[in-house]
Amino acid sequence: MTRIGGFLRGRAAAIGAGLALALAPLGAWAGAQIEERLAPSVVAGLARSIADNPVPRDYAYRTDIVPWVAEMSRRLAAKFADERERRDFLATVYYESTRAGLDPQLVLGVIHHESGFKKYAVSTASARGFMQVMPFWTRQIGSPDHNLFNLRTNLRYGCVILRHYLDIESGDYYRALGRYNGSLGRSEYPTAVMGASMRYHLDPPAPAVIQAGALPR
């Protein structure tokens, strides 16, 4: 079984348990995530991963992702009234997700549950933005002047951090999501995120999404 196959099965199994939570996102869930001492080699690798590499111009209009952007735009119309803003958001989600080797549906599930798609969401512990990134990450792997309320910066950090936790946990999504939320060992958060991600599942999935969701071997 591939890791992405395991994720899809786990995500489907989580629907029943996570649907009630997914239907009522509380926003700004992050906050218990623990700042850990990272080895210099890990810091260097993560720093390279968050290095600026902007979304290519007109990325949302590439033929391989147009169906995904169009469908997700329809589903998120209530969250982003402006179509251009919605397309920019979705193009950035897709680009940063696949750049980090993550399924875009998983990232949408994290955003749905973490911030309710609120760009300026702040948790009680000061986690910020769409993916509720803790400020200590800018000091550890980036630069203190990085603005976590910037769309691309927030998603770049969030996706790189989640990828880091997935690597630590050898592809175990439940444990990686637990680390991301600071609730490792508890099922509530990963179950809710998996349930939320099902809101953005394509049935049948577009070929581009299947390809993008495949994790690097």
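Q: At what angle do helix α4 and α5 pack, and how far apart are their axes?
A: In this predicted model, helix α4 (residues 66-75) and α5 pack with their axes 10 Å apart and at an angle of about 125°.

Q: And what does that make α4 relative to α5, oblique or roughly perpendicular?
A: An angle of 65 to 115 degrees would count as roughly perpendicular, and α4 is therefore oblique to α5. As for handedness, α4 passes α5 in a right-handed crossing.

Q: Which residues meet there?
A: From α4 there are Trp68, Val69, Met72 and Ser73, and these meet Arg86, Arg87, Leu90, Val93 and Tyr94 in α5. Sorted by class, the residues of this contact of α4 with α5 are six nonpolar, one polar and two charged.

Q: OK, staying with α5, how does it sit against α8?
A: The axes of α5 and α8 cross at roughly 30° and come within 9 Å, which means that α5 is roughly parallel to α8.

Q: Switching to pockets: what volume does the largest one have?
A: The volume of the largest pocket is about 320 Å³. Its lining is made up of 14 residues, and those that lie nearest the centre are Val55, Arg87, Asp88, Ala91 and Thr92.

Q: Which helix gives the largest share of the lining?
A: That is α5, from which five residues of the lining come, while α5 (83-99) and α8 (151-168) each supply at least two.

Q: How does the lining split by class?
A: The lining of the largest pocket has seven nonpolar, two polar and five charged residues.

Q: Last topic, what about α9 and α10, at what angle do they pack?
A: Helix α9 (residues 173-181) and helix α10 (residues 188-197) pack at an angle of about 110°, with 8 Å between their axes, and they are therefore roughly perpendicular to each other.

Q: Which residues make the contact?
A: Tyr173, Tyr174, Leu177, Tyr180 and Asn181 of α9 make the contact with Tyr189, Pro190, Thr191, Val193 and Met194 of α10. In the contact of α9 with α10, eight residues are nonpolar, two are polar and none is charged.

How values were computed: Residues are numbered from 1 along each chain as its sequence is written. This is a predicted model: local features need pLDDT of at least 70, side-chain atom pairs count only at pLDDT 80 or more; totals for chains, interfaces and linings use all residues. Side-chain values use heavy atoms; hydrogens and water are left out. Axes are lines fitted to C-alpha atoms, for helices over the stretch in contact, and angles run from 0 to 180 degrees between N-to-C directions. Helices (H or I, at least four residues) and strands (E, at least two) are DSSP runs, numbered from the N terminus. Angles under 35 degrees count as roughly parallel, over 145 as roughly antiparallel, 65 to 115 as roughly perpendicular and the rest as oblique. Contact means heavy atoms within 4.5 Å. Ala, Val, Leu, Ile, Met, Phe, Trp, Tyr, Cys and Pro count as nonpolar, Asp, Glu, Lys and Arg as charged, and the others, Gly among them, as polar. On a 1 Å grid over the protein atoms alone, a cavity is a set of points where a 1.4 Å probe fits but cannot get out, and a pocket is an open set with protein on both sides within 12 Å along at least five of seven lines; lining residues have an atom within 4 Å of a point. Grid points are joined across faces, edges and corners, and a volume is the space filled by probe spheres set on the points. A crossing is left-handed if the near helix is turned anticlockwise from the far one by less than a right angle, and right-handed if clockwise.
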